[in-house]
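Biologist: I'm new to this one. Could you walk me through how to read it?

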Amino acid sequence: MERDIAISVKGLSVSYERKRVLSNIFLELKAGRVVGVVGPNGAGKSTLFKAVLGLIEPNTGLIQIRGKDPDKVRKEVAYVPQKNDVDWSFPATVMDIVLMGRYPFKGVFQRLSKEDNDIAMEALKEVGMEKYKDRQIGELSGGQQQRVFLGRALCQNAQVFFLDEPFVGVDILTEEKIITILKKLASQGKSLLVVHHDLGSVQDYFDDVILLNQRLIAYGPTETTFNDENIKRTYGGQLPVLHKMGEID
Ligand SMILES: Nc1ncnc2c1ncn2[C@@H]1O[C@H](COP(=O)(O)OP(=O)(O)OP(=O)(O)O)[C@@H](O)[C@H]1O
Ligand SMILES: [Mg+2]
């Protein structure tokens with residue numbers, strides 16, 4: 001197994017009850033890249049994440065993260081679920097949530113240290129939420145909640161990040177700040193997968209792109225892969241309106 005392969009997916013198929021959602025997906029993701037995952041609603045993007053993370057049982061398929069079984073590399077993997085997959089009503093403060101990112105490093109009886117707190121504060125600063133550290137998570141705006149979950153992922157010091165629509169409800173300045181952080185993490189050799197719906201920013205944000213619609217439509221460097229034909233194939237022949245992409249009719 002080559003060391004620079006962050007994620008390897010071989011022959012992954014997933015069904016819910018009888019309905020086939022992902023068919024025979026093969027992927028090899030290199031480390032040190034920010035990878036966009038693009039496709040219409042219901043394409044199976046979140047399902048792909050959950051299957052790779054081992055949160056749902058696939059019908060078939062072999063998954064490896066950094067050359068190992070996903071169960072063996074839990075500490076190295078951070079996950080920000082899609083917003084509607086999170087129960088925001090549970091009682092926890094912003095700091096509690098971010099500190100959860102530190103738990104994978106702790107033994108059962110080990111307490112969080114001052115260092116853990118410092119790392120959590122640093123992560124909160126990166127997402128611009130340090131002023132809200134004692135606020136209940138349920139009392140934040142949608143975009144602020146999203147930023148807190150990103151803070152938790154940063155705090156975990158993971159090698160591989162799965163971010164499912166991290167920018168939903170986040171204002172554009174924060175979005176730009178966060179994408180800068182993601183690019184910095186990639187330049188340090190970390191791997192980031194980001195489900196994203198704004199096709200207009202795909203070229204700017206991602207080194208590579210995965211176009212998905214139940215099948216893997218295309219995967220490769222954004223510059224060459226994110227083209228008119230592949231986008232049409234992904235969205236069923238209907239070309240969505242693309243902002244900032246004047247070259248597409
Ligand atoms: N727990 C579930 N039980 C049954 N069907 C499900 C379940 N979760 C997802 N599905 C179905 O599987 C398909 C893929 O869902 P998934 O959430 O992976 O899509 P997605 O690409 O993430 O879509 P979106 O852009 O809307 O988030 C959809 O048809 C969805 O209705
Ligand atoms: Mg989804």
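Here is a short talk about the ligand, a helix pair and the confidence.

Modeller: This is a predicted model, where local features need pLDDT of at least 70, side-chain atom pairs count only at pLDDT 80 or more, and totals for chains, interfaces and linings use all residues. Residues are numbered from 1 along each chain as its sequence is written, while chains are lettered from A and ligands numbered from 1 in the order written.

Biologist: Which residues surround ligand 1?

Modeller: A residue is near a molecule if its C-beta atom, placed from the backbone, lies within 6 Å of it. Around ligand 1 sit Tyr16, Val21, Gly39, Asn41, Gly42, Ala43, Gly44, Lys45, Ser46, Thr47 and Gln82. Helix α1 (residues 45-52) gives the largest share of that shell, 3 residues; helices are DSSP runs of H or I, at least four residues, numbered from the N terminus.

Biologist: How do α3 and α4 cross?

Modeller: Axes are lines fitted to C-alpha atoms over the stretch in contact, with angles from 0 to 180 degrees between N-to-C directions. Helix α3 (residues 114-126) and helix α4 (residues 142-155) have axes that come within 8 Å and cross at roughly 135°.

Biologist: Which residues of α3 and α4 meet?

Modeller: Contact means C-beta atoms, placed from the backbone, within 7 Å. Ile119, Ala120, Ala123, Leu124 and Glu126 in α3 meet Gly151, Leu154 and Cys155 in α4.

Biologist: What is the mean pLDDT of the chain?

Modeller: pLDDT is the predictor's confidence in each residue, from 0 to 100. The chain's mean is 89, and 91% of its residues reach 70 or more. Over residues 243-249 the pLDDT is below 50. Where pLDDT is low, the predicted coordinates should not be read in detail.

Note on methods
Helices (H or I, at least four residues) and strands (E, at least two) are DSSP runs, numbered from the N terminus. Two residues are in contact if their C-beta atoms, placed from the backbone, lie within 7 Å.
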